[in-house]
Amino acid sequence: MRLTVILAVVVLALGLIALIRAQRINQASIERDGLSRFRDAFRGRYAELLLSHVYAYLAERHGAVGPHYIVSPTDNLEREYGLIDLDLEDAVLVIADRAGVRLPRASELDELKEQVRSVDDLLRYLEPFFRPEVVKG
């Protein structure tokens, strides 16, 4: 009887360990999934450097830690991330600075208010600054 109880406890413990390990593996997969989905949504349209920096900024802005946060191309920047007016200008400047590309001039930042509402708009706006001939070197 004692042997059966010990065997049952060992099997239960091994099952619990296997479950915890499976959850960790699944979480690691989810963490890679958000950035991968974001890149896949725009692959071929924008430079990888631009995609990774915009994703990282928006995930940080939302308080996400790691590349598991889902950022959709249609996300409204004001509603989802609180980016409007000066905050949006700051976001553009921070993203460009972190990536080491030319910062937009004041006259170029004036276009933000009319042109940029969604994540896709933000990428379209930033794309010219991420072209190889514009990157600081």
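Q: What is the handedness of the crossing where α4 passes α7?
A: The model is a predicted one. In it, the crossing of α4 past α7 is right-handed.

Q: At roughly what angle do the axes of those two helices, α4 and α7, cross?
A: The axes of α4 (residues 86-99) and α7 (residues 119-126) cross at roughly 55° and come within 12 Å. That angle makes α4 oblique to α7.

Q: Which residues meet there, between α4 and α7?
A: From α4, L88, V92 and I95 take part, and they meet L122, Y125 and L126 of α7. By class, the residues of this contact are six nonpolar, no polar and no charged.

Q: Is α7 mostly covered or mostly open?
A: Mostly covered, as seven of the eight residues of α7 are buried. The buried residues of α7 are V119, D120, D121, L122, L123, Y125 and L126.

Q: Turning to α2 and α4, how do their axes cross?
A: The axes of α2 (residues 48-61) and α4 come within 10 Å, with a crossing angle of roughly 130°. That makes α2 oblique to α4. The crossing of α2 and α4 is right-handed.

Q: Which side chains of α2 and α4 are involved, and how do the residues of that contact divide?
A: On the α2 side, L49, H53, V54, Y57, E60 and R61 meet D87, A91, V94, I95, R98 and A99 of α4. The residues of this contact divide into seven nonpolar, one polar and four charged.

Q: Now the aromatics. How many aromatic pairs does the structure hold?
A: The structure holds four aromatic pairs. One of them is F38 with F42, whose ring centres are 5.2 Å apart and whose planes are at 70°, so this pair is edge-to-face.

Q: Where do F38 and F42 lie?
A: Both are in helix α1 (residues 2-42), four residues apart, which is about one turn of the helix. F38 counts as buried because its relative accessibility is 0%. F42 is also counted as buried, because its relative accessibility is 1%.

Q: And why is the pair of Y125 and F129 called tilted?
A: The ring planes of Y125 and F129 are at 50° and the centres lie 5.9 Å apart, so the pair is tilted. Y125 and F129 are both buried.

Q: Which residues do ring pairs link into a cluster?
A: Ring pairs join F38, F42, Y46 and Y55 into a cluster.

Q: What is E108 in contact with, leaving aside its neighbours within four places in sequence?
A: With those neighbours set aside, E108 is in contact with R102, L103, Y125 and F129. E108 belongs to helix α5 (residues 106-109).

Q: Why does E108 count as buried?
A: The relative accessible area of E108 is 17%, and buried means under 20%.

Q: What does E127 touch beyond its neighbours within four places in sequence?
A: Beyond those neighbours, E127 is in contact with Y46 and L50. The C-alpha atoms of E127 and Y46 are separated by 6.7 Å, although the two residues are 81 residues apart along the chain. Y46 also belongs to the cluster linked by ring pairs.

Methods. Residues are numbered from 1 along each chain as its sequence is written. This is a predicted model: local features need pLDDT of at least 70, side-chain atom pairs count only at pLDDT 80 or more; totals for chains, interfaces and linings use all residues. Side-chain values use heavy atoms; hydrogens and water are left out. Rings of Phe, Tyr and Trp (its six-membered ring) pair if their centres lie within 6.5 Å; planes under 30 degrees apart count as stacked, over 60 as edge-to-face and the rest as tilted. Buried means under 20% relative accessible area, exposed over 50%, partly exposed in between (1.4 Å probe, protein chains only). Axes are lines fitted to C-alpha atoms, for helices over the stretch in contact, and angles run from 0 to 180 degrees between N-to-C directions. Angles under 35 degrees count as roughly parallel, over 145 as roughly antiparallel, 65 to 115 as roughly perpendicular and the rest as oblique. A crossing is left-handed if the near helix is turned anticlockwise from the far one by less than a right angle, and right-handed if clockwise. Contact means heavy atoms within 4.5 Å. Ala, Val, Leu, Ile, Met, Phe, Trp, Tyr, Cys and Pro count as nonpolar, Asp, Glu, Lys and Arg as charged, and the others, Gly among them, as polar.
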